[in-house]
Amino acid sequence: MELPASKHDRQAALARYQEQAGAGLTSADLAEIVRAASQGRVAVLLLAATGRRQPRSSPATAAACNLAAIETLTHCGTVYAVPAAQLPARAVCVALYRY
């Protein structure tokens, strides 16, 4: 069961991503996100949640997503799992940057 506050925070992060997309403080490029996360630049990482009916990503893509999540958390960022349909087409994750 998800806490109401975390659902609200996740929805707010999605809205912020959509508002800021294209302004230089967001990315849907996995390689760029992994680099930025390791530098501590990712404030919020939104990962596509995979369910039984959704195709799973390749092992390399899954490993990169995991690394981005670990690095984001290591640098005091926030990570949310969101329905894949709410992310841009073909994106397995998106990021909101601190700077």
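In which sense do β2 and strand β4 (residues 93-97) pair, and over how many bridges? They pair in the antiparallel sense, over five bridges. Two strands count as paired if DSSP finds at least two bridges between them.

## Basis of the model

This is a predicted model: local features need pLDDT of at least 70, side-chain atom pairs count only at pLDDT 80 or more, and totals for chains, interfaces and linings use all residues. Residues are numbered from 1 along each chain as its sequence is written, and side-chain values use heavy atoms, with hydrogens and water left out.

## Overall layout

The chain holds three helices and four strands. Their order from the N terminus is α-β-α-β-α-β-β. Helices (H or I, at least four residues) and strands (E, at least two) are DSSP runs, numbered from the N terminus.

Of the contacts in the chain with a separation of 6 or more, 84% join residues 24 or more positions apart. A contact means heavy atoms within 4.5 Å.

## Surface and burial

The chain has 99 residues, and 33% of them are buried. Buried means under 20% relative accessible area (1.4 Å probe, protein chains only). The accessible surface is about 6,100 Å². Carbon and sulfur atoms supply 57% of that surface. The areas come from the Shrake-Rupley method with a 1.4 Å probe.

Strand β2 spans residues 42-49. Six of its eight residues are buried, so the rest of the structure largely encloses β2.

On the β4 side, valine 42 has tyrosine 97 as its bridge partner. With strand β3 (residues 78-83), β2 pairs in the parallel sense over six bridges. There, alanine 48 stands opposite valine 82.

Definitions and conventions
Buried means under 20% relative accessible area, exposed over 50%, partly exposed in between (1.4 Å probe, protein chains only).
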